[in-house]
Amino acid sequence: MAPVPGLENANPLIFQKLEDRNFTDDDYNELVADVIDSREVFDLIRNINDPEHPLTLEQLNVVEESRVKVNDAENEVFIEFTPTIPHCSMATLIGLAIRVKLLRALPSRFKVDVYITPGTHASEDAVNKQLADKERVAAALENPYLLEVINQCLHSKS
């Protein structure tokens with residue numbers, strides 16, 4: 001990929017995508033209780049588009065299956081994401097996109113926590129505080145411009 005002027009990380013590393021998950025007949029059977037697991041949640045966020053690059057968060061290794069934790073019995077989802085550079089100005093936007101995707105896709109019984117992987121961003125405490133603050137998240141989603149950018153990140157390009 002050729003460098004693009006004005007980007008913070010003009011030449012990001014591109015990682016191999018995981019194989020798609022194989023589905024069984026039980027996955028399609030509405031009569032079978034389906035526990036939500038980390039792979040299912042990872043599949044929801046892996047194809048979110050990066051706000052700066054024509055790549056997915058999985059391709060940039062911003063999200064990894066190993067950093068997705070789900071406790072279906074306790075209705076909890078915990079995501080850690082890793083910005084591509086320590087001073088990424090898009091970290092809050094990426095976290096918001098992950099949060100919005102999960103809030104839209106998961107049953108409302110789930111509490112979703114999204115955090116930066118410890119030690120990977122210069123302002124991780126400030127970004128984590130913003131992402132954990134329900135009022136700030138709600139206010140951000142009331143901003144039509146910001147919501148449009150998030151929706152562009154969530155729109156599948158395939």
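In the predicted model, Asp113 is found in strand E3, which comprises residues 111–116. The relative accessibility of Asp113 is 18%, and because this value falls under 20%, the residue counts as buried. When neighbours within four places in sequence are left aside, the contacts of Asp113 are with Val77, Phe78, Ile79 and Arg99. Of these partners, Arg99 is also listed among the residues of helix H3 that meet helix H4.

The pairing of these two helices can be described in terms of their axes. Helix H3 spans residues 91–105 and helix H4 spans residues 124–132, and their axes come within 10 Å and cross at roughly 30 degrees. Since angles under 35 degrees count as roughly parallel, H3 and H4 are therefore roughly parallel to each other. The crossing in which H3 passes H4 is right-handed. On the H3 side the contact involves Ala91, Thr92, Gly95, Leu96 and Arg99, which meet Val127, Gln130, Leu131 and Ala132 on the H4 side. By residue class, this contact of H3 with H4 divides into 5 nonpolar, 3 polar and 1 charged.

Two of the residues in this helix contact, Ala91 and Val127, are also touched by His121, a residue placed in the loop between E3 and H4. With a relative accessibility of 10%, His121 counts as buried. Not counting residues up to four places away in sequence, His121 touches Pro83, Ile85, Pro86, His87, Cys88, Ala91, Ile116 and Val127. Although His121 and His87 are 34 residues apart along the chain, their C-alpha atoms are separated by 6.0 Å. The side chain of His121 also takes part in polar pairings with the backbone: a polar atom of this side chain lies 2.8 Å from the backbone oxygen of Cys88, and a polar atom of the side chain lies 2.9 Å from the backbone nitrogen of Ser123.

A further buried residue is Asp50, for which the relative accessibility is 8%. Asp50 lies in the loop that runs between helix H2, residues 38–45, and strand E1, residues 68–71. A polar atom of the Asp50 side chain lies 2.8 Å from the backbone nitrogen of His53. Beyond its neighbours within four places in sequence, Asp50 is in contact with Leu55, Thr56, Leu57, Leu60 and Ile94.

Notes:
Residues are numbered from 1 along each chain as its sequence is written. This is a predicted model: local features need pLDDT of at least 70, side-chain atom pairs count only at pLDDT 80 or more; totals for chains, interfaces and linings use all residues. Side-chain values use heavy atoms; hydrogens and water are left out. Helices (H or I, at least four residues) and strands (E, at least two) are DSSP runs, numbered from the N terminus. Buried means under 20% relative accessible area, exposed over 50%, partly exposed in between (1.4 Å probe, protein chains only). A polar contact is a pair of N or O atoms within 3.5 Å; within protein, one must be able to donate a hydrogen and the other to accept it, and residues adjacent in sequence count only if both atoms are side-chain atoms. Contact means heavy atoms within 4.5 Å. Axes are lines fitted to C-alpha atoms, for helices over the stretch in contact, and angles run from 0 to 180 degrees between N-to-C directions. Angles under 35 degrees count as roughly parallel, over 145 as roughly antiparallel, 65 to 115 as roughly perpendicular and the rest as oblique. A crossing is left-handed if the near helix is turned anticlockwise from the far one by less than a right angle, and right-handed if clockwise. Ala, Val, Leu, Ile, Met, Phe, Trp, Tyr, Cys and Pro count as nonpolar, Asp, Glu, Lys and Arg as charged, and the others, Gly among them, as polar.
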